Amino acid sequence: MYAESAIQETVGRAVQCIRRSASGAMVLQLRKGVQNASALGTELDGVLGDAATASALSHKTPLEIRDLDECATREEIRTALYQQLGAANLDPDAVRSLRKAYAGTQTAVIDLPDELAAKAIKLGHLRVGWVSCRVRERAEASRCFRCWEFGHLVARCVGPDRSKLCYRCGQDGHRAKT
């Protein structure tokens, strides 16, 4: 009984609002500045038991690492992030993509929690292997698949429906891939 009231008080102070997601899951949105979101998720998961599961989601910032040598791997990038930023509990899928660039270099796109991303941007570079690589924030614009406008998604779209039109020429009756 005491444990339930303690968890209720802890959660009550941290929660800003409660809502349902598109999939029907209950989402507890926490206030800004809550430091122990993952610990709170673990504690809630323990209290809920088999009735439900709880997990903590954190906002992530996409970063771009440029000038990687052609032999760099995802594991080397994760190791460099751990050593230089102190990213101890880094997501195994933090390195989203690793692709070839010009002059035998590579470019990586990574997702880091906001605190670590701010630290990496402030440094401005990351040493991966023998190479000092540039780090910058990646600007990603959201684009609606219904009206093709930037800045919103289909759920909040009020523009014209262009989903059946050709993406290249804008005409009806065929698709860009044909």
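Reader: What should I keep in mind about the model and its numbering?
Author: Residues are numbered from 1 along each chain as its sequence is written, and side-chain values use heavy atoms, with hydrogens and water left out. The model is predicted, so local features need pLDDT of at least 70 and side-chain atom pairs count only at pLDDT 80 or more, while totals for chains, interfaces and linings use all residues.

Reader: How do you know which helices and strands the chain has?
Author: Helices (H or I, at least four residues) and strands (E, at least two) are DSSP runs, numbered from the N terminus. On that basis there are four helices and seven strands, in the order α-β-β-α-β-α-β-β-α-β-β from the N terminus.

Reader: Why is the chain called more spread out than a compact globule?
Author: The radius of gyration, taken over C-alpha atoms, is set against the globule rule of 2.2 Å times the number of residues to the power 0.38. For 178 residues that rule gives 16 Å, and the chain has 22 Å, well over that value, so it is more spread out than a compact globule. The C-alpha atoms fill a box of roughly 65 × 50 × 30 Å along the principal axes.

Reader: Why is proline 62 called buried?
Author: Buried means under 20% relative accessible area, exposed over 50%, and partly exposed in between (1.4 Å probe, protein chains only). Proline 62 has 14%, so it counts as buried. Its place is in strand 3. Of the 178 residues of the chain, 23% count as buried.

Reader: Which residues does proline 62 touch?
Author: Contact means heavy atoms within 4.5 Å. Leaving aside residues up to four places away in sequence, proline 62 touches Arg96, Ile110, Asp111, Glu137, Arg138 and Glu140.

Reader: What makes leucine 57 exposed?
Author: Leucine 57 has 80% relative accessibility, so it counts as exposed. This leucine is found in the loop between helix 2 (37-48) and strand 3 (60-69).

Reader: Is glycine 33 buried or exposed?
Author: Glycine 33 is exposed, because its relative accessible area is 59%. Glycine 33 is found in the loop between strand 2 (26-30) and helix 2. Its C-alpha atom is 9.1 Å from that of alanine 14, which is 19 residues apart from it along the chain.

Reader: What is the phi of aspartate 67, and where is this residue?
Author: Most residues other than glycine have a negative phi. Aspartate 67 is not a glycine, yet its phi is positive, about 70°. Its place is in strand 3. With a relative accessible area of 22%, aspartate 67 is partly exposed.

Reader: Where is alanine 103, and why is it called exposed?
Author: Alanine 103 lies in the loop between strand 4 (95-100) and strand 5 (105-113). It has 72% relative accessibility, so it counts as exposed. Phi of alanine 103 is also positive, near 55°.

Reader: What does the UniProt record say about residues 165-177?
Author: The unreviewed UniProt entry carries the annotation "domain: CCHC-type" for residues 165-177. UniProt positions are given in the numbering used here, feature names are shortened, and annotations may be inferred rather than shown by experiment. Over residues 165-177 the chain is 0% helix and 0% strand, and the end C-alpha atoms are 12 Å apart.
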